[in-house]
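Dear colleague,

I am handing over the structure that follows for your records. Please look through it first; my findings come after it.

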Amino acid sequence: MATNPEDVPSPALVGAWEALGTLRTELVPMWAAYWLAQGQDGEGIVALASLDSSDIREVHDLLLDALADAGVEPISKAGAAARLAFDHIARLHLDGKAGWRWVLTAVTGVFEQNDYGREFRNEPLGALYGLEDEVAGGWGRRLAEIEVEVHDACERQVQLIK
């Protein structure tokens, strides 16, 4: 669980995870409480922050209103949501908070949750899809080469948002 305010995802990122089907709903009420503490306001955020983390259905029911309170438009296209998720994954790696193997696992998860979406294969992190199989199978490039490729892809991903 994120207890450091720096580790709390933004409402926009939570909206992207919701669109991608990868949102950990049990954490959303706590994140909403942090958003309140950080100055976000609105009935939806307050209602979301007051929920029990086990009330998953209620989290989904209130999430759109809370995101609207935070100025986040619903994300309807998986490619746009994947871009936000990939940006977050890349930043975690570049900030030293996630290793290269975790990046591969997270990228694979985005693809698996979204019918192996062609629309985000052109993202720098999207191009990493399939490397997790190479690592697990022990075939192909050396691990050091894959580690460099992951790091470089993360740098390119972050450059897209500048």
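Leu128 is found in the loop that runs between helix 6 (100-112) and helix 7 (131-137); helices, like strands, are DSSP runs numbered from the N terminus (H or I, at least four residues, for helices; E, at least two, for strands). The model is a predicted one, in which local features need pLDDT of at least 70 and side-chain atom pairs count only at pLDDT 80 or more, while totals for chains, interfaces and linings use all residues. Residues are numbered from 1 along each chain as its sequence is written, and side-chain values use heavy atoms, with hydrogens and water left out.

Leu128 is buried, its relative accessible area being 2%. Here buried means under 20% relative accessible area, exposed over 50%, and partly exposed in between (1.4 Å probe, protein chains only). Leaving aside residues up to four places away in sequence, Leu128 touches Val103, Leu104, Glu149, Val150 and Ala153, where contact means heavy atoms within 4.5 Å. From Leu128 to Ile146 there are 18 residues in sequence and 9.4 Å in space, C-alpha to C-alpha.

Helix 2 (residues 28-37) has as its buried residues Val28, Pro29, Trp31, Ala32, Tyr34 and Trp35. Against what do the buried residues of helix 2 pack? They pack against helix 1 (11-20), helix 3 and helix 4 (56-69). After helix 2 comes Gly39, with a positive phi near 105°.

The structure holds 6 salt bridges, a salt bridge being a side-chain nitrogen of Lys or Arg within 4 Å of a carboxyl oxygen of Asp or Glu. In one of them, the side chains of Lys97 and Asp7 meet at 3.1 Å, N to O. Lys97 lies in the loop between helix 5 (78-94) and helix 6, and Asp7 in the segment before helix 1, so this pair ties together parts that are 90 residues apart in sequence. Lys97 is partly exposed at 45% relative accessibility, and Asp7 is partly exposed at 37%.

Glu123 and Arg83 also meet through their side chains in a salt bridge, at 2.8 Å, N to O. This pair links distant parts of the chain, with Glu123 in the loop between helix 6 and helix 7 and Arg83 in helix 5, 40 residues apart. Glu123 counts as buried at 9% relative accessibility, whereas Arg83 counts as partly exposed at 31%.

Asp61 forms a salt bridge with Arg57, their closest N and O atoms being 3.2 Å apart. Both Asp61 and Arg57 belong to helix 4 and lie 4 residues apart, about one turn of the helix. An α-helix has 3.6 residues a turn, so residues three or four places apart point the same way. Arg57 is exposed, with a relative accessible area of 55%, while Asp61 is partly exposed at 45%. Elsewhere, Glu134, Arg141 and Glu149 are linked in a network of salt bridges; Glu149 is also one of the residues that Leu128 touches.

Finally, a patch of negative charge on the surface gathers Asp41, Glu43, Asp65 and Asp69. Patches consist of residues with over 30% relative accessible area and no salt bridge, with like charges joined within 9 Å and nonpolar side chains (Val, Leu, Ile, Met, Phe, Trp, Tyr) within 5 Å. Glu43 has its place in helix 3 (residues 43-49) and is exposed, with a relative accessible area of 72%.

With kind regards

Key:
Areas by Shrake-Rupley, 256 points an atom, 1.4 Å probe, with all protein chains shown as cover. Lys, Arg positive; Asp, Glu negative; His and termini not counted. Charge placed at Lys NZ, Arg CZ, Asp CG, Glu CD.
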